[in-house]
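Colleague: I have some questions about how the terms are used here. Can we take them one at a time?

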Amino acid sequence: MKQPVRIAVTGAAGNISYSLLFKIAAGEMLGPDQPVILQLVEIPQAMDKLRGVAMELEDCAFPLVHGISLHDNPFDGFRGIHYAMLVGARPRSKGMERADLLEANAVIFAEQGKALNEVANRDVKALVVGNPANTNCLILSRNAPDLAPSQFCAMTRLDHNRAQGILGNKLGVNPADIEGVCVWGNHSPTMYPDLHHAQVLGDEAAIDMIDEQWYKEEYTPRIQKRGAEIIEWRGLSSAASAAQAALDHMRDWALGSDGRIVSMGIISDGSYGVAKGIYYSFPVVCEFGSYQIVQSLHINDYGQSMMKKTEQELLEEKAAVDHLLPEETAASREALRTSSRSGQTEFDAGIDTGESYYRADRIC
């Protein structure tokens, strides 16, 4: 049997985690042969509720669960972890401006970044689910100077799944028969769901099967505001679909996407002219526990304008929290480049490797 891996989940007593934890425990994230130890993190006020969740996990008698521990601070909860699912975040309350929300979350994710840097496994993969996910991920990464920026991702897989599912329903095909959908930019109403590279049933361009007016005036705004639409109808946020997206994201990152394009909020290396150092959703392919940005896609004028709009929003969010970001990590988060040899994003950690004779690592 494989050795168990340690998975931390923050906001573990919340609605998203309530859907997520049982899927992880059942082997849906890392496979049916991978034992796990769950390290569940909550705020002190929610520890009683978290104990109830742990009881339910125990009552399921999952054979893959080799341990469950409960923690009210990340320095305990992140010790030795291989995967971090950062679901908990400060929600936006009535009358709160976006800048106030960013600053409130900066405190939370700065502490979590420091904890990951100090006590997590050196190969940890951290996924930020809590909103505003992209900038929370930036804060997290900047507070973990000893970890590569590519070890952190913001979740835009929910937007990707929505884009694929709604398009499949429109065309009357199974979403699994659609490939090449991608989402660019921020997990916000400025995101750009791009169908110009999507193929249906392997050989037909999706963009040729839909009306341009529907794509721009109905489909795109619907993807951008889908979360609000669900709240309007259900009265609650989209917890189950968010949990499924988090599971999909981490499974593909860890085990590979089988050559399929998926969307991930990752550190920008300047690809497609996007400013370096922000966490921006790109189309990627995952393999060998890493990701690679899909290069050389043709972006038309409409796409470029949409990509710039969402980039500008992320730059404004970064500026709003810039005073809270450690200066010592600023330069390293922009020391990124796309390898002309492999097409992968490479991180310059300031190490002089000398003349390269043989190299088999996949840095990303």
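Modeller: Start with the word pocket: an open set of grid points where a 1.4 Å probe fits, with protein on both sides within 12 Å along at least five of seven lines. The model is predicted. Its largest pocket has a volume of about 1,500 Å³.

Colleague: What makes a residue part of the lining of the largest pocket, and how many residues line it?

Modeller: A lining residue has an atom within 4 Å of a pocket point. For the largest pocket, 46 residues line it. I16, A89, P91, G130 and N131 lie nearest its centre. Two or more lining residues come from each of α1 (15-25), α4 (98-119), α6 (157-171), α8 (226-234) and α9 (239-255). The most come from α4, with 5 residues.

Colleague: What is the make-up of that lining by class?

Modeller: It has 21 nonpolar, 15 polar and 10 charged residues.

Colleague: How do you know whether the radius of gyration agrees with a compact globule?

Modeller: Set the value against the rule. With 364 residues, a compact globule would have a radius of gyration near 21 Å. The chain has 20 Å, so the two agree. The C-alpha trace spans about 55 × 50 × 50 Å along its principal axes.

Colleague: What share of the chain is called buried?

Modeller: Buried means under 20% relative accessible area. Of the 364 residues, 54% are buried. The chain exposes about 16,600 Å², and carbon and sulfur atoms supply 49% of that area.

Colleague: Which secondary structure elements does the chain have?

Modeller: It has 10 helices and 16 strands.

Definitions and conventions. Residues are numbered from 1 along each chain as its sequence is written. This is a predicted model: local features need pLDDT of at least 70, side-chain atom pairs count only at pLDDT 80 or more; totals for chains, interfaces and linings use all residues. Side-chain values use heavy atoms; hydrogens and water are left out. On a 1 Å grid over the protein atoms alone, a cavity is a set of points where a 1.4 Å probe fits but cannot get out, and a pocket is an open set with protein on both sides within 12 Å along at least five of seven lines; lining residues have an atom within 4 Å of a point. Grid points are joined across faces, edges and corners, and a volume is the space filled by probe spheres set on the points. Helices (H or I, at least four residues) and strands (E, at least two) are DSSP runs, numbered from the N terminus. Ala, Val, Leu, Ile, Met, Phe, Trp, Tyr, Cys and Pro count as nonpolar, Asp, Glu, Lys and Arg as charged, and the others, Gly among them, as polar. The radius of gyration is taken over C-alpha atoms; the globule rule is 2.2 Å times the number of residues to the power 0.38. Buried means under 20% relative accessible area, exposed over 50%, partly exposed in between (1.4 Å probe, protein chains only). Accessible areas come from the Shrake-Rupley method with a 1.4 Å probe; for residues, only the protein chains shown count as cover.
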